[in-house]
Amino acid sequence: AHFSRYVVPGSKQVNMTITCGAKKEEFCQAVAFLTPQGHAVVVLTNDEVKAGQLADFDFLVPDLAKGQGKPLTWQITCKSSTVSGEIPWKAIQTVILPCE
């Protein structure tokens, strides 16, 4: 439901480079889309990746699934637009910016 509110029909997933304040690059978790109206929609998360029946068990998981446990700063640039901010631990954010 979160994605469908901002990623409108006709949007395309695009490759992106994100800069964030994490101690490991793989903690910068995000996906980006370009809308038909020329806006970039970027969804960022700052969380552990745990789901399903194994969520309550500790086992060897890749760094991507561990998160950092604290807020992360981030910066996104798309053509001439740049925005920055902070995402709290265990949060999801959607950032929309012009990308024309």
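**View 1. Residue N46 in strand β4 of the predicted model.** In this predicted model, N46 belongs to strand β4, which covers residues 39-46. With a relative accessibility of 1%, N46 counts as buried, because the cut-off for that class is under 20% relative accessible area. A polar atom of the N46 side chain lies 2.9 Å from the backbone oxygen of K70.

**View 2. Antiparallel pairing of strands β3 and β4.** Strand β3, made up of residues 29-34, pairs with β4 in the antiparallel sense, and 6 bridges connect the two strands. Within this pairing, F33 has V41 of β4 as its bridge partner. In general terms, the strands of a sheet are paired through backbone hydrogen bonds, in either a parallel or an antiparallel arrangement.

**View 3. The open sheet that includes β3 and β4.** Four strands in the order β1-β3-β4-β7 make up an open sheet, and their pairing is antiparallel. The edges of this sheet are formed by β1, at residues 12-14, and by β7, each of which pairs on one side only. On average, and with direction ignored, neighbouring strands of the sheet are turned by 25° against each other.

**View 4. The disulfide between C78 and C99.** The structure holds 1 disulfide, formed by C78 and C99, whose sulfur atoms are placed 1.6 Å apart in the model. The link of C78 and C99 is left-handed, with an angle of -45° about the S-S bond. C78 is located in strand β5 (residues 72-78), whereas C99 is located in the segment after β7 (91-98), so the pair ties together parts that are 21 residues apart in sequence. Both C78 and C99 are buried.

**View 5. The protein chain as the setting for the close-ups.** The secondary structure of the protein chain consists of 1 helix and 7 strands, and these elements follow the pattern α-β-β-β-β-β-β-β when read along the sequence. The protein chain has 100 residues, of which 33% count as buried. Its accessible surface comes to about 6700 Å², and carbon and sulfur atoms account for 53% of that area. Among the contacts in the protein chain that link residues at least 6 apart in sequence, 53% join residues at least 24 apart.

Notes. Residues numbered from 1 in each chain as written. Predicted model: local features only at pLDDT ≥ 70, side-chain atom pairs only at ≥ 80, totals over all residues. Heavy atoms only, no water. Buried < 20%, exposed > 50% of the residue type's maximum accessible area, 1.4 Å probe, protein only. Polar contact = N/O pair within 3.5 Å; in protein donor to acceptor, adjacent residues only side chain to side chain. Contact = heavy atoms within 4.5 Å. Areas by Shrake-Rupley, 256 points an atom, 1.4 Å probe, with all protein chains shown as cover. Disulfide = S-S within 2.5 Å. Pairing = 2+ DSSP bridges. Axes fitted to C-alpha atoms, helices over the stretch in contact; angles between N-to-C directions.
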